[in-house]
Amino acid sequence: MRRKKPEDLREWCYPFIFETKMTCDYEILTDELCCHIGVVLSQLPEEFDDIRADLEQLQPLIYNLNGSVRGKNGIFEQDIDWLKERYTHYQQASEGRVTGFVLPRGPAPVPQLHLCRCTGKKIVRMLVRLEEEGRKFDEILPRFANVLANFFFVLTVAIKDRLGTEEVPYISINY
């Protein structure tokens, strides 16, 4: 049974909430990621001005990513170039710290950034599912979302490096 838009707007949290296609799920995931970043910003130490500026620039890009499946594309090559440059900046600043798998832990906002990383992966997977469902969108979206997930990981490493927090290696018994 398909639900209808309620007459009382207080009973309607999002215009597309009753859709059965995955587009709405994708939009909710990107919104969730933007909220996670808000949490990170609230917990970021004052002296991390560069990270703060990057996350503040990233939040609107994530909402651009959000609307790029249902509406017109809002992610561009210069957005990926900027994000890759910031990725490289943090990776070089903490080069050699991580040589394998590490456990996702540390002081705030490191665990919250790991949640951002996981949500970024979910967004990539949702884009795969949307494409499978027949939804057309610019190929730049999964590229951006993949770099985004990786960016959050290098931020965790850079923050732990600055705070002098050790990485805890994970040694897999599976591989």
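This is a predicted model: local features need pLDDT of at least 70, side-chain atom pairs count only at pLDDT 80 or more; totals for chains, interfaces and linings use all residues.
Some ground rules come first. Local features are described where pLDDT is at least 70, and side-chain atom pairs count only at pLDDT 80 or more, while totals for chains, interfaces and linings use all residues. Residues are numbered from 1 along each chain as its sequence is written, and side-chain values use heavy atoms, with hydrogens and water left out.

The chain has five helices and zero strands, and reading along the sequence gives the pattern α-α-α-α-α. Here helices are DSSP runs of H or I with at least four residues, strands are runs of E with at least two, and both are numbered from the N terminus. The C-alpha atoms fill a box of roughly 55 × 40 × 35 Å along the principal axes. Of the 175 residues in the chain, 40% are buried; buried means under 20% relative accessible area, exposed means over 50%, and partly exposed is in between, with a 1.4 Å probe and protein chains only. The chain exposes about 10300 Å², and carbon and sulfur atoms supply 53% of that area. These accessible areas come from the Shrake-Rupley method with a 1.4 Å probe, and for residues only the protein chains shown count as cover.

Contacts, meaning heavy atoms within 4.5 Å, also say something about the fold.

A UniProt annotation from an unreviewed entry, "domain: Cobalamin adenosyltransferase-like", covers residues 30-157. UniProt positions are given in the numbering used here, feature names are shortened, and annotations may be inferred rather than shown by experiment. Over residues 30-157 the chain is 71% helix and 0% strand, with the end C-alpha atoms 23 Å apart.

His 36 sits in helix 1, which spans residues 23-43. Setting aside neighbours within four places in sequence, His 36 touches Leu 115, Cys 116 and Thr 119. From His 36 to Arg 117 the C-alpha distance is 9.9 Å, across 81 residues of sequence. Further along, Phe 76 belongs to the loop between helix 2 (49-67) and helix 3. Phe 76 counts as partly exposed because its relative accessibility is 39%. Glu 166 is 90 residues away from Phe 76 in sequence, and their C-alpha atoms are 36 Å apart.

The loop between helix 3 and helix 4 holds Pro 109. The peptide bond leading from Ala 108 to Pro 109 is cis, with omega near 10 degrees. For background, most peptide bonds are trans.

Val 168 comes in the segment after helix 5, and counts as partly exposed because its relative accessibility is 27%. Val 168 is in contact with Val 102, Leu 103 and Arg 105, again leaving aside neighbours within four places in sequence.

A pocket is found on a 1 Å grid over the protein atoms alone, as an open set of points where a 1.4 Å probe fits, with protein on both sides within 12 Å along at least five of seven lines; lining residues have an atom within 4 Å of a point. Grid points are joined across faces, edges and corners, and the volume is the space filled by probe spheres set on the points.

The largest pocket has a volume of about 300 Å³. Its lining has 13 residues, and the closest to the centre are Arg 117, Lys 121, Ala 149, Asn 150 and Phe 153. Helix 4 (110-132) and helix 5 (140-163) are the elements that each give two or more residues to this lining. By class, the lining splits into seven nonpolar, four polar and two charged residues; Ala, Val, Leu, Ile, Met, Phe, Trp, Tyr, Cys and Pro count as nonpolar, Asp, Glu, Lys and Arg as charged, and the others, Gly among them, as polar. Ala 149 is part of helix 5 and is buried because its relative accessible area is 6%. Beyond its neighbours within four places in sequence, Ala 149 is in contact with Arg 117, Gly 120 and Lys 121.

The second largest pocket holds about 150 Å³ of space. Its lining includes Tyr 87, Tyr 90, Arg 97, Phe 153 and Val 157, and helix 3 (77-93) and helix 5 each give two or more residues. Six nonpolar, three polar and two charged residues make up this lining.
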